[in-house]
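Dear colleague,

I am passing on the structure we spoke about, and below it you will find my notes on what came out of the analysis. Please read them with the coordinates open beside you.

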Amino acid sequence: MQSIDWVATTIFVALFLFITWLGFWAARWRRGDLDQLHEWGLGGRRFGTLITWFLVGGDLYTAYTFIAVPALAFGAGAVAFYAVPYTILIYPILFLVFPRLWAVCKKHGYITAGDFVRGRFGNRWLALAISLTGIVATLPYIALQLVGIQVVVGGLGIGGGGGLIGDLPLLVAFLILAAFTYSSGLRAPASIAVVKDILIYFTAIVAVIVIPTQLGGFGKIFAALPTAKVLLATPPANSWGSFSAYATLALGSALALFLYPHSLTGILSASSGGAIRRNAALLPGYSFVLGLLTLLGLFALAAGVATMPQFAQGFKQYGASFAVPALFIHSFPSWFVGIAFAAIGVGALVPAAIMSIAAANLYTRNIYREFVNKNATDKQEAKMAKLVSLIVKVGALAFILFLSPQYAVELQLLGGVWIIQTLPAVLLGVFTRKLNDWALLVGWAIGMGVGTWMAFSANLSSTFPLSIGGFGLPGYAAFYALILNLVVTIVLTPVFNAMSKKVVFDETVAADYH
Amino acid sequence: MDGSNEERRGWSWWYLLFGLEFLLVLFPGLYNSVEPSLIGIPFFYWYQLLVVLIAAVLTAVVYFATKN
């Protein structure tokens with residue numbers, strides 16, 4: 001069992017205090033009326049290219065990503081590198097789709113994907129399905145950010161024994177998060193993201209230079225790895241094996257990413273469509289860092305941290321997620337460990353804040369205002385959203401404290417399968433109103449059902465062993481369920497159109513999308 | 001620079017560059033090898049990191065080419 005590292009802990013706490021101050025100060029940054037939902041929940045849609053870069057970067061590349069992707073590399077090897085093509089492919093989608101979505105949302109005051117679908121298709125039930133999917137997919141994601149904090153706090157030597165004292169740092173971090181999100185809204189994570197990203201870039205670049213030097217160079221590192229982990233397994237004769245799995249994981253994850261409510265919240269807070277397009281070219285900077293951090297998982301494997309006695313307790317408690325923290329403690333002096341862990345810990349607060357804001361926006365706009373209180377004033381709306389952002393976080397915290405984090409991991413996996421089912425209504429809806437709203441709803445339901453079944457039948461792993469005519473095409477369950485969803489929607493569209501002669505409702509016009 | 005005065009309607013042939021990005025990464029059979037390695041890093045890894053940079057450049061090209 002490691003003892004508490006006081007130097008690292010002091011630096012960690014100091015950085016946390018600084019961002020706490022920053023989070024509260026943010027309420028006064030580009031001051032707006034925080035009793036308006038678009039001010040609290042979208043920062044007034046006033047963030048330019050640079051702040052959007054920090055905010056969306058801090059939003060998409062989460063603490064969980066920085067812990068889990070290297071952990072996958074540590075455990076499974078090359079397949080974890082799918083995170084790189086995944087985060088390459090998100091940017092063409094960002095460039096082509098989201099300036100249009102931004103424009104129509106700005107024009108009509110939409111704050112959520114549910115708002116857009118409600119306006120575009122005029123079907124409150126379809127909008128409800130889209131909104132509920134968003135909320136359900138987001139909750140385990142918030143829980144996993146808290147897991148990220150737990151792992152680094154454990155790495156500092158605190159809370160190894162578990163119990164209430166062990167959970168105390170997490171509770172404190174949680175209270176900080178809840179308080180500044182409530183008071184400052186989206187401005188808080190936007191300002192904190194600047195600090196977090198500087199810390200992450202510094203950490204990643206130093207780690208990728210220093211650690212290979214210590215380990216005797218890249219050649220030695222890769223030679224020390226088990227051969228099976230260096231590359232993808234060559235597929236057998238009658239299957240695309242690991243190749244189709246790798247490609248569909250990358251493509252499916254890329255298609256799903258911007259459908260998550262927190263991604264949309266980040267993007268809608270940009271000040272113009274041009275700021276979004278510019279970011280499509282600038283955000284790959286983070287993909288590069290994610291690639292470097294993924295390599296850290298392999299470095300940890302080569303360094304042999306798993307068998308070092310001082311890390312036995314950490315690995316026992318956190319599994320492969322402990323690989324990167326252990327590697328840092330093994331390779332760096334305490335002060336650097338403090339900075340690196342703060343980067344991850346602060347990195348958890350940014351997306352957790354945005355996710356809770358996004359879920360709160362969805363509940364307030366598409367459930368509360370649509371089904372509970374139709375005549376809510378702007379002030380009631382903003383108040384409800386602030387309250388819900390708290391409830392959502394308490395739920396995530398309870399999840400982590402009282403249930404196994406493993407459930408959060410599995411639910412997050414299912415969340416990816418579910419959120420991608422909103423693609424036909426949201427992403428295609430940006431380009432066309434030709435798909436029938438009820439056909440979209442049926443397609444969504446079938447995609448949800450079959451996707452969930454695929455994930456469970458593959459024992460809650462992401463790769464479903466699809467086989468067509470004896471030829472194996474193992475692939476990402478979310479991707480295959482999406483294809484089914486699209487086919488159902490397209491086939492049923494003329495059927496439903498023929499059944500109902502009602503005039504198509506669409507409160508948006510073509511010019512709204514530019 | 002404000003997005004509002006930018007003229008962007010419909011299809012542009014420059015978007016085909018995005019298709020190139022998909023082709024570069026979606027066929028892992030093309031790059032699933034150790035050699036040629038770069039300063040000890042297997043091709044599989046440095047190739048994909050290189051594509052991150054290529055993709056960023058391609059996106060920038062599309063941005064400037066379709067700006068007006």
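**Confidence in the model**

The mean pLDDT of chain B is 82, with 85% of its residues reaching 70 or more. In residues 1–8 of chain B, however, the pLDDT is below 50, and this stretch has 14 contacts in the model beyond near neighbours in sequence. Where pLDDT is low, the predicted coordinates should not be read in detail. Please keep in mind throughout that this is a predicted model, for which the scores are ipTM 0.87 and pTM 0.89.

**The two chains**

Chain A contains 23 helices and 4 strands. Its radius of gyration is 23 Å, close to the 24 Å that the globule rule gives for 514 residues, so chain A is as compact as a globular protein of that length. The C-alpha trace of chain A spans about 70 × 60 × 40 Å along its principal axes, and buried residues make up 60% of the 514 residues in the chain. If one takes the contacts in chain A between residues at least 6 apart in sequence, 84% of them join residues at least 24 apart.

Chain B has 2 helices and 0 strands, and 22% of its 68 residues count as buried. For chain B, the contacts between residues at least 6 apart in sequence include 56% that join residues at least 24 apart.

**Where the chains meet**

In the model, 37 residues of chain A are in contact with 34 residues of chain B. On the side of chain A that touches chain B, at least two residues each are supplied by helix 5 (83–108), helix 10 (218–224), helix 12 (241–257), helix 14 (273–282) and helix 15 (284–303) of chain A. The largest share of that side, 9 residues, comes from helix 5 of chain A, and by class the side has 27 nonpolar, 8 polar and 2 charged residues.

Helix 15 of chain A has 17 of its 20 residues buried, so it is largely enclosed by the rest of the structure; at 1.5 Å a residue it should span 28 Å, which agrees with the 29 Å between its end C-alpha atoms. After helix 15 of chain A comes G304(A), whose phi is positive, near 75°.

F81(A), in the loop between helix 4 (63–76) and helix 5 of chain A, is in contact with T294(A), Y45(B) and Q48(B), leaving aside its neighbours within four places in sequence. F81(A) counts as buried because it has 27 C-beta neighbours inside 10 Å, where 20 or more are required.

**The nonpolar core**

The largest nonpolar core has 209 residues, and those with the most contacts inside it are A143(A), L146(A), A250(A), F299(A), A300(A), A323(A) and L327(A). Helix 18 (residues 334–372) of chain A gives the largest share of this core, 20 residues. Not counting residues up to four places away in sequence, A143(A) touches A396(A), F399(A), I400(A) and A408(A).

F299(A) is also one of the contacts of I221(A), which, leaving aside its neighbours within four places in sequence, is in contact with P212(A), L215(A), L298(A) and A302(A) as well. I221(A) is found in helix 10 of chain A, and with 20 C-beta neighbours inside 10 Å it counts as buried.

**Backbone points to check**

Most residues other than glycine have a negative phi, and most peptide bonds are trans. Against that background, a cis peptide bond joins E35(B) and P36(B), with omega about -5°, and P36(B) lies in the loop between helix 1 (16–25) and helix 2 (43–65) of chain B. I39(B) has its place in the loop between helix 1 and helix 2 of chain B; its phi is near 35°, a positive value in a residue other than glycine, and with 9 C-beta neighbours inside 10 Å I39(B) counts as exposed.

In chain A, R45(A) has a positive phi of about 50° although it is not a glycine. R45(A) sits in the loop between helix 2 (37–42) and helix 3 (49–60) of chain A, and it is partly exposed, with 19 other C-beta atoms within 10 Å.

With best regards

Definitions and conventions: Residues numbered from 1 in each chain as written. Chains lettered and ligands numbered in written order. Predicted model: local features only at pLDDT ≥ 70, side-chain atom pairs only at ≥ 80, totals over all residues. pLDDT = per-residue confidence, 0-100. Contact = placed C-beta atoms within 7 Å. Nonpolar A, V, L, I, M, F, W, Y, C, P; charged D, E, K, R; others polar. Core = buried A, V, L, I, M, F, W, Y, C linked by C-beta atoms within 7 Å. Buried ≥ 20, exposed ≤ 12 C-beta atoms within 10 Å, placed from the backbone. Expected span 1.5 Å × (residues − 1). Rg over C-alpha atoms; globule rule 2.2 N^0.38 Å.
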